[in-house]
Structures are given as C-alpha cells and as structure tokens.
Amino acid sequence: MRPKEQIKGLDFTRHAHKRLSQRGLSEAAVKAVLDYGRREFRGDGAIIYFLGNKEYRRAIKRNPALKHELLQWVGVTLVVSSITNTLVTAYRTKRPKRSVR
C-alpha cells in the first residue's frame, strides 16, 4: 500500500503501513475486518475492529461464498483513531484483549 492510500475513508499512519507489511496483512484484510468484524469503542478515543470466529460464522451464514476469503483473516485486529479516522496499527491474535471480548 502507498503511504497516502485510504481504504473505506481511513487514512493510515506510517506505523500502520509498516505493521501491515510486517504481518502480511493486505488491503483485502483491512476491508474484510472493517466490513465483517466486531467494533468496540474504547474510552481513549480508539475503535477496535476484530474478526473472530463468531463474526466469521455470522458472515458466512449470510454469504457462504466468503468462506475461504474470510477464513485467512480470522484473528486480525485493527486499531483506529476515532478522532482522526486513522488506522493506527494492525495485528493478529487468537484471542482479543479482554476489553474487546
């Protein structure tokens, strides 16, 4: 991804670009998590998007054609600043932090 790129209206920090690249997460991963993931608002102004097993099952129930595409993104978490509408970082996890559960 190019540094000035936007996906679904989100800007990306340099840190986010670096982390996406290091962790093998593509534009498709970001779009999938934003579209099908769970969203939680934190008190510090961050929005956490997480694509877990529950969200995966819900998405493929509505659209079975997404089964293989979404499976590779289960466990991806995005941290977005609600103030600047900017993707701050992204990572993979098997279990979300307690505040996202």
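Q: Before anything else, what does buried mean here?
A: Buried means under 20% relative accessible area, while exposed means over 50% and partly exposed covers what is in between. The model is a predicted one, and in its protein chain of 101 residues the buried ones make up 44%.

Q: OK, predicted, so what does the pLDDT average for the protein chain?
A: The average pLDDT of the protein chain is 88, and 88% of the residues score at least 70. Among the elements, the lowest mean belongs to strand 1, residues 11-12, at 90, and the highest to strand 4, residues 76-81, at 96. Where pLDDT is low, the predicted coordinates should not be read in detail.

Q: How many helices and strands are there in the chain?
A: The protein chain holds four helices and five strands, and from the N terminus on these elements follow the order β-α-α-β-β-α-α-β-β.

Q: And in what order do the strands sit in the sheet?
A: The five strands make an open sheet in the order 1-5-4-3-2, with mixed pairing. Strand 1 and strand 2, which spans 38-41, are the edge strands, each of them pairing on one side only. Helix 1, residues 14-22, packs on this sheet and touches strand 1 and strand 5, its direction making about 25° with that of strand 5.

Q: Let's walk across it. How many bridges join strand 2 to strand 3?
A: Strand 2 and strand 3 run antiparallel and are joined by four bridges, and within this pairing Glu-40 stands opposite Ile-48 of strand 3. The two strands form a hairpin with four residues between them, where Gly-45 in the turn has a positive phi of about 95°.

Q: Then in which sense do strand 3 and strand 4 pair, parallel or antiparallel?
A: Strand 3 and strand 4 pair in the antiparallel sense, over five bridges, and the bridge partner of Tyr-49 in strand 4 is Leu-78.

Q: And how many bridges for strand 4 and strand 5?
A: Strand 4 and strand 5, the latter being residues 86-92, pair over six bridges, in the antiparallel sense. One of the pairings puts Val-80 with Leu-87, its bridge partner in strand 5.

Q: Back to strand 3: which way do its residues point?
A: From strand 3, Ala-46, Ile-48 and Phe-50 point one way, whereas Ile-47 and Tyr-49 point the other way, and all of them are buried. Strand 3, residues 46-50, is therefore described as mostly covered, since five of its five residues are buried by the under 20% cut-off.

Q: Switching to helix 2, which of its residues are buried?
A: In helix 2, residues 27-36, the buried residues are Ala-29, Val-30, Ala-32, Val-33 and Leu-34. Their cover includes strand 1, helix 1, strand 3, helix 4 (67-71), strand 4 and strand 5.

Q: What happens at the start of helix 2?
A: There, a side-chain oxygen of Ser-26 comes to within 3.2 Å of the backbone nitrogen of Ala-28.

Q: Why does Glu-55 count as buried?
A: The relative accessibility of Glu-55 is 4%, which is why this residue counts as buried. Glu-55 lies in helix 3, residues 53-62, and a polar atom of its side chain lies 2.8 Å from the backbone nitrogen of Gly-52. Leaving aside neighbours within four places in sequence, Glu-55 is in contact with Tyr-36, Gly-37, Arg-38 and Phe-50.

Q: Last one, the loop between strand 4 and strand 5: which residue lies there?
A: Asn-85 lies in that loop, and its phi is near 55°, a positive value in a residue other than glycine. Most residues other than glycine have a negative phi. Asn-85 is partly exposed, because its relative accessible area is 37%.

Definitions and conventions
Residues numbered from 1 in each chain as written. Predicted model: local features only at pLDDT ≥ 70, side-chain atom pairs only at ≥ 80, totals over all residues. Heavy atoms only, no water. pLDDT = per-residue confidence, 0-100. Pairing = 2+ DSSP bridges. Contact = heavy atoms within 4.5 Å. Axes fitted to C-alpha atoms, helices over the stretch in contact; angles between N-to-C directions. Buried < 20%, exposed > 50% of the residue type's maximum accessible area, 1.4 Å probe, protein only. Polar contact = N/O pair within 3.5 Å; in protein donor to acceptor, adjacent residues only side chain to side chain.
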